[in-house]
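Here are some friendly notes to read alongside the model. Take them one at a time, and find each residue on screen as you go.

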Amino acid sequence: MIIIKPKTEFVVTVEAELTPDLAEKDVEEIKKFKVYYGKDVVELEELFEVTKEGDDKKLVLDGDFSRVKWIGCRMSDGEIVVKGNVGANCGAYMAGGKIVIEGDADDWLGAEMKDGEIVVKGNAANLVGCAYYGEATGMSGGKITIEGNAGNYIGEKMAGGEIEIKGNAGDFIGTEMKGGAITIHGNCGFVGGDMKAGEIKIGGDFELVPTFVKQEDAWVGDVNVKGEGVVRRL
Amino acid sequence: MHHALHIKNGIVIDPKNGVKAEKMDIFVKDGKIVEESEVKGEDVKVIDASNKLVVAGGVDMHAHIAGSKINTGRTMRPEEMRVVRNIANKFRAAVGRVLLTSPAIGYEYAKMGYTSSFEAAQPPIGAMHSHEELDAIPMIDKAALPVFGNWHFVFKYVEAKDIEKLKTFIAWALERTKGFGVKVVNPGGVEAWMYGGNVTSLDDQVPGFNVTPREIITSLIKAVEELKLNHSVHIHCNRLGVPGNYETTIETIKLAGGFSNDARQVLHVTHVQFNAYAGDSWRTVSSGAEEIAKTVNSMDNVTIDMGQPIFGHATAMTGDAPFQFTLHKLTGARWSNKDSEVEGGAGIVPLVYLPKNPVHALQWAIGLELGLLIDSDKVVLTTDYPNGGPFTEYPYVMAMLMSKKMREGELEKVSPFVQKATNLPAIDTEKTLEEIIHMTRSLPARILGLPQKGHLGVGADADIAIYDLNPLEIDTSNDFEKVYKTFKTAEYTIKSGRILAKNGELVDEYWGKTYWVDATGRVDMEAIKPDIEDYFKYYSVELQNYGVEEGWLKKPERIVI
């Protein structure tokens, strides 16, 4: 297990593709891991205190990581625990393993993730499980659970996997969705624009785009794109 | 820095000068290839090229590398910009998957041993933008071909059968746009698109004008030949991308009959793969390559380039706006339309060529059929970058044309549709290394009318590529993997006598020339002045603000006719 603590408050954002694979390295080697601090490439130990305890494949990020981007990017196994907030693109392209965020997550949480699990104890910002601009497919597998609220654009172009939001969410839920499932226990804004397939379940109030057809216990659409996505009450 | 180079003991292939894999030395001084005696007493850098292939730098005669189309493509495809090719250091930051940024275009050509590239469709009103972008491409020499096939002036003079004024107008337009030659894209069809339509044959009337595509093409050939421009008419045929279009392509090719030029072809038909479909729908589509090849081979005044698709990502961008709309409807992908006032238009649609898709596999096979069936002296290797895919995959096409074994392997990976819809599996032809070098160097240089390019004779530009491949030993039929790998990365790329890249690493940055053709001395510019002033009432810019001054270009090279 590796424990990483920020040494200072960061003036500019840090881009650090920290994955549990680091825990398999020697502590001196980990300290030399290259990260971006603004436009400068620096070694991990210039910005963080690094300690190693035991050999399990786990990173504990202890402190405020809200200005640290790309944590867990492309990770495929092991575990990351963030004892605080985390910056943008956390768990992007993730293919396996688990990330637990005890605070809040910023934009692009689990963007284009393929497998694995992300749990956020606080709130998440926008673009959860989305496709990066221009790409055809967002999240395609795995599970994202958000205990609090989430922002706009949830599961855009999502093709598989599951997003569960225990609180409320913003607008544009499941836009251009092609598969997978989104569950929102609270309220949310516009749902299902250009949805082709998949399922969205909502516990509270929501606004459906008008191009869905009412069926017995659900709405099916978006007919604009000959979609067969399903929106239903939880 | 050394002013002189001595490339020692290389095995030279130089088709223009009849050198077929001979061990010889090449001498370079002040950016030119010179006799040995010229470098005596100079500070000469010696490059040992023992057992290595020494050829002229590659010439890409048809690619879309600058201008509003490619820039719109970049804007609408952020996903293309996530491949980092160079982080800013001694060289510029360069990114791009297939759609590259301007510096990346120059760097990737240089790494591959290519030293010249021609922007194949410049919207005249966007000339300033095209040149700004060409000026942002390092390493290579370049030029742009403005589009004439849908310009109202051209229609007007063709309608009036006034070849003298048409010639004058061409000279005026080339001077104003700092253009190199006459490109024609879907003549009449893009004008029809302004009314939501297209033309369906060479004899359709263009809306609003009493002219047909046939008349536009023949008049432009006549005008270009009378002006004696370096390059002939360069045409993107009507009905591109439509099953059954190969007949229109053959009819277009035959329009060159009756014209002749001692130095070069009188008509270059570009990315013919997209215009070589038989059948009457996408269900019954098949290859029309054989018929086209027969026609091209039977004529001595027409050349073509392949427009070979490469499996993977591409971006369709042409001045053929109606075709781009059809493609958008066909694939459902994003679409952008461009209108360049009374001059023409363009469209952009992202594309992926998939080997298992029957139509894509057919396109891939047709490109190769054209490359194999047409005389090596008449077909140039292109991918119509980025329409068919990246120019960085030219080595794949080179290796495929030289090896039936490689083609057999690749045929197993593609849709079985090609087995019945094309003759590719039955073609035994294997091009020789000399032929491939000709198709990528000396032939495009001849077609463009640039005697200083594409060869290693004394007086030529010292644009040289050295590859770690011994042409006397290589078995191109069987060692196709080595051929592919070798041509991907030149051991040395030398541009105007400067070593720019070494084994895929950039070592020096160089800003190439922009060629433009000045034919104004051959015509009486006063003759069309009233017409131009009249038409500019309908332009969104004033006449005095239209065009590009030579001084605005980084390194203009004026060719006076």
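1. **Before you start.** Please keep in mind that this is a predicted model. Every distance and area in these notes is therefore a value computed from that predicted model.

2. **A helix to begin with.** Find helix α11 of chain B, which covers residues 358-373. α11(B) has 16 residues, and from its first C-alpha to its last it reaches 22 Å, close to the 22 Å expected at 1.5 Å a residue. Is this helix mostly covered or mostly open? It is mostly covered, since 13 of the 16 residues in α11(B) are buried.

3. B:H360 is found in α11 of chain B. Is B:H360 buried or exposed? B:H360 counts as buried because its relative accessibility is 13%, and the cut-off for buried is under 20%. Leaving aside residues up to four places away in sequence, B:H360 touches B:F311, B:V352, B:Y353 and B:L354. With B:V352 there is a polar detail to look for: the backbone oxygen of B:V352 lies 3.4 Å from a polar atom of the B:H360 side chain.

4. **Where the two chains meet.** In the contact between the chains, 5 residues of chain B are in contact with 5 residues of chain A. Together the two chains bury about 390 Å², with 41% of it on carbon and sulfur atoms. How many salt bridges are there between chain B and chain A? The count is 1, and its partners are A:E135 and B:R82, whose side chains meet at 3.1 Å, N to O. On the side of chain B that touches chain A, the residues divide into 2 nonpolar, no polar and 3 charged. There are also 3 residue pairs in polar contact between these chains.

5. Over all chains, the structure holds 49 salt bridges. One of them joins the side chains of B:E108 and B:R85, at 3.2 Å, N to O. This pair links distant parts of the chain: B:E108 is in helix α2 and B:R85 is in strand β7, 23 residues apart. B:E108 counts as buried, at 9% relative accessibility, whereas B:R85 is partly exposed, at 28%.

6. **A salt bridge between two helices.** B:D531 forms a salt bridge with B:K165, and their closest N and O atoms are 3.8 Å apart. Why does this pair tie together parts that are 366 residues apart in sequence? It does so because B:D531 lies in helix α17 and B:K165 in helix α5. B:D531 counts as buried, at 14% relative accessibility, while B:K165 is partly exposed, at 26%.

7. **A salt bridge inside one helix.** B:E410 and B:K413 form a salt bridge, with their closest N and O atoms 2.8 Å apart. Both lie in helix α13 of chain B, 3 residues apart, which is about one turn of the helix. An α-helix has 3.6 residues a turn, so residues three or four places apart point the same way. B:E410 is buried, at 16%, and B:K413 is partly exposed, at 49%.

8. **One last thing to trace.** A network of salt bridges links B:K32, B:D141, B:K453, B:D461, B:D463 and B:K495.

Notes. Residues are numbered from 1 along each chain as its sequence is written. Chains are lettered from A and ligands numbered from 1 in the order in which they are written. This is a predicted model: local features need pLDDT of at least 70, side-chain atom pairs count only at pLDDT 80 or more; totals for chains, interfaces and linings use all residues. Side-chain values use heavy atoms; hydrogens and water are left out. Helices (H or I, at least four residues) and strands (E, at least two) are DSSP runs, numbered from the N terminus. Buried means under 20% relative accessible area, exposed over 50%, partly exposed in between (1.4 Å probe, protein chains only). A polar contact is a pair of N or O atoms within 3.5 Å; within protein, one must be able to donate a hydrogen and the other to accept it, and residues adjacent in sequence count only if both atoms are side-chain atoms. Contact means heavy atoms within 4.5 Å. The expected span of a helix is 1.5 Å times one less than its number of residues. Buried area is the accessible area (1.4 Å probe) that two parts lose on being put together, summed over both. A salt bridge is a side-chain nitrogen of Lys or Arg within 4 Å of a carboxyl oxygen of Asp or Glu. Ala, Val, Leu, Ile, Met, Phe, Trp, Tyr, Cys and Pro count as nonpolar, Asp, Glu, Lys and Arg as charged, and the others, Gly among them, as polar.
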